[in-house]
Amino acid sequence: MVASVKKEAPVKDKDVKTAVPGKNTYLYAVGRRKRSTATVRVYKRGKGTIEVNAKPLAEYFSAMGQQIVLDALTTVGQTDKLDVSARVTGGGVRGQAEAVRHGIARALIQLNPVFKKALKKVGYTTRDPREKERKKFGLKKARRAPQFSKR
């Protein structure tokens, strides 16, 4: 008969994680906007590269989307000091870009709590709760009623 040996799971710190032991540590955050959800990793020692869904930022987003994503980093002056890796699902282009920005802002606050004041002032830390209203039965859209006909 073999005695069972229990292995204790290593204690994980939720804020700071390492991809490979001894390699670059990263901060993890989730950003949301409309139907979009972005899981963001901000690597502490980096060169300023940003990847979205395993593609470079310029390849994934247009110029408008790139600017939205970079806004949080430029606000605190960390554009060329941190690497960002994001995975985004759902929603449209703008919603995805704003979800990534929200995730980056949350991760930056974990990195340095001093950044919170500047990021909050421009509104990047607030989760925008506005979503599309559901369609109701008897109506053409959420509120649009069919055209009234007298006869």
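Student: How do the residues lining the largest pocket divide into nonpolar, polar and charged?
Tutor: This is a predicted model, to begin with. The lining divides into 4 nonpolar, 3 polar and 3 charged residues.

Student: Which residues line the largest pocket?
Tutor: The lining is made of Tyr28, Thr39, Arg41, Tyr43, Glu51, Asn53, Ala54, Ser85, Ala86 and Arg87.

Student: Which strands each supply at least two of the lining residues?
Tutor: β3 (36-43) and β6 (83-89) do.

Student: And how much space lies in that pocket?
Tutor: About 200 Å³.

Student: New topic. How many salt bridges does the count come to?
Tutor: The count comes to 9. Side chains of opposite charge can pair when their charged atoms come close.

Student: Take Arg33. Which side chain does Arg33 meet in a salt bridge?
Tutor: Glu98, at 2.8 Å from N to O. That pair links distant parts of the chain. Arg33 is in strand β2 (residues 25-33), while Glu98 is in helix α3 (residues 93-111). They are 65 residues apart.

Student: Is Arg33 buried or exposed?
Tutor: Arg33 counts as buried, because its relative accessibility is 9% and the cut-off for buried is under 20%.

Student: What about Glu98, buried or exposed?
Tutor: Glu98 is buried too, with a relative accessible area of 13%.

Student: Where is Asp128 found?
Tutor: In the segment after α4 (115-122).

Student: Which side chains does the side chain of Asp128 make polar contacts with?
Tutor: One is the side chain of Arg33, at 3.4 Å. Another is the side chain of Arg130, at 2.8 Å.

Student: Last one. Which residues do salt bridges with shared partners join into one network?
Tutor: Arg33, Arg94, Glu98, Asp128 and Arg130.

Notes: Residues are numbered from 1 along each chain as its sequence is written. This is a predicted model: local features need pLDDT of at least 70, side-chain atom pairs count only at pLDDT 80 or more; totals for chains, interfaces and linings use all residues. Side-chain values use heavy atoms; hydrogens and water are left out. Helices (H or I, at least four residues) and strands (E, at least two) are DSSP runs, numbered from the N terminus. A polar contact is a pair of N or O atoms within 3.5 Å; within protein, one must be able to donate a hydrogen and the other to accept it, and residues adjacent in sequence count only if both atoms are side-chain atoms. On a 1 Å grid over the protein atoms alone, a cavity is a set of points where a 1.4 Å probe fits but cannot get out, and a pocket is an open set with protein on both sides within 12 Å along at least five of seven lines; lining residues have an atom within 4 Å of a point. Grid points are joined across faces, edges and corners, and a volume is the space filled by probe spheres set on the points. Ala, Val, Leu, Ile, Met, Phe, Trp, Tyr, Cys and Pro count as nonpolar, Asp, Glu, Lys and Arg as charged, and the others, Gly among them, as polar. A salt bridge is a side-chain nitrogen of Lys or Arg within 4 Å of a carboxyl oxygen of Asp or Glu. Buried means under 20% relative accessible area, exposed over 50%, partly exposed in between (1.4 Å probe, protein chains only).
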